[in-house]
Amino acid sequence: MKKTLFTLCCAVLVLFSGTLPELSAQSRRDKEQTYVMKNPYEVKKLTPPTGKKVKNVILMIGDGMSLMHVYSAWTANRGKLWLENAQYTGLSKTYCANKLITDSGAGGTALATGHKTNYHMVGVDPSGKPLESLATLANKKGMASGIAVTCRLWDATPADFCCHNVDRDQEAEIVTDYVNCGVDYVFGGGSKLFENRADGRDLFEELREKGYQTPRSWEELAGIKQGKVFCITDSVDTPVPAVRGDLLARASMKGIEMLGQNPNGFFLMVEGSQLDDYGHFNDLDLLMQETHDFDRTVGRILEWAAQDGETLVVVTADHETGGLTLVDGDLNEGRIVCKFSTGSHSGVMVPVYAFGPGAENFTGIFENTDVFWKIKKLLNL
């Protein structure tokens, strides 16, 4: 009897081993979680540039970030966020071509290409036809382009700007598109699918044949001064904020340094990728850490843009994750009490923040695809 019971328990563990994060999220769902930010960070009031020329655009995507995430993070940081320096704000409708509740594949494709597509599709229209992204169009005009993320590069959002597939789960196939994407600067994780592949291809070697430098650590990347760069620092995702520190901010500023050498200007997409993960896991602590890391990255970029004077910064999200609700808290203590209603995405509109020349174009309520068309027009792509 004992042997039978032991065997049954082992079978149950094996059966559910692939869904433990989801089971953990279910145990936290619809239950109050409290988070207190022990060390709030300073935020400066920035003076926006007064010129009208848009030479560069930096599109920042907080994956899964809604107004509730922003307001919760604002409360935890004692009523301060770098995002509040945005001159203009709007709201984006995120539904995709065949579903009301979108995912990062379709949501990111709308931002990257200006077209609604089907759920789970990456960089293609609903019929599977490849679409040109802002990064591709910038390159075709003679500008520089790049992406900087904290996730694996086969994840949907970075892939939306460089790859084309009808199913975001075709991960090994998706990453092969980076070889011919043409962007000048890439930073993220996911080396696991670039080398030691089942098909025998070494994508790092193929990238080097295309003229890319392929540093594998921040230290290697920091020493590079010019040329095309494809940097992957981790086998899958980059570590959590407490371990990686301000890596996203450093990688973003390095991208600006490299891409800014092009006299025709640049387009850069920066993603706070793992907000989405901790929304799925219903983990308020890590979600706030990621949100604050993203906001501090926004701050670094806004400070640079305020000095540059010719750079438009647009900050938005592809959808909301977790159904986050702020139910209590204390602004003076930096304490928030929240609940999650789902381990997936919800259908709320997401915020759009704009800073710099052209920012006035991002007000009101509009489709997520309009972010693409507004940027395309401002850069004359």
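Modeller: M60 touches V270, F294, T297, V298, I301, V313, V314, V315 and T316, leaving out residues up to four places away in sequence; contact means heavy atoms within 4.5 Å. This is a predicted model, where local features need pLDDT of at least 70, side-chain atom pairs count only at pLDDT 80 or more, and totals for chains, interfaces and linings use all residues. Residues are numbered from 1 along each chain as its sequence is written, and side-chain values use heavy atoms, with hydrogens and water left out.

Biologist: How many residues are in the largest nonpolar core, and which have the most contacts inside it?

Modeller: 55 residues, with I58, M60, Y185 and V315 having the most contacts inside it. Such a core is a set of buried Ala, Val, Leu, Ile, Met, Phe, Trp, Tyr and Cys residues joined through side-chain atoms within 4.5 Å. Buried means under 20% relative accessible area (1.4 Å probe, protein chains only).

Biologist: Which helix gives the most to this core?

Modeller: Helix α13 (residues 284-308), with 10 residues. Helices are DSSP runs of H or I, at least four residues, and strands are E runs of at least two, numbered from the N terminus.

Biologist: Switching to α14: which of its residues are buried?

Modeller: T369, V371, F372, I375 and L379. They cover an arc of only 155° around the axis, so they sit on the same side of α14; the arc is that of the directions from the helix axis to the C-beta atoms.

Biologist: What do they pack against?

Modeller: β2 (56-62), α4 (104-113), α5 (134-140) and β15 (364-367).

How values were computed. Buried means under 20% relative accessible area, exposed over 50%, partly exposed in between (1.4 Å probe, protein chains only).
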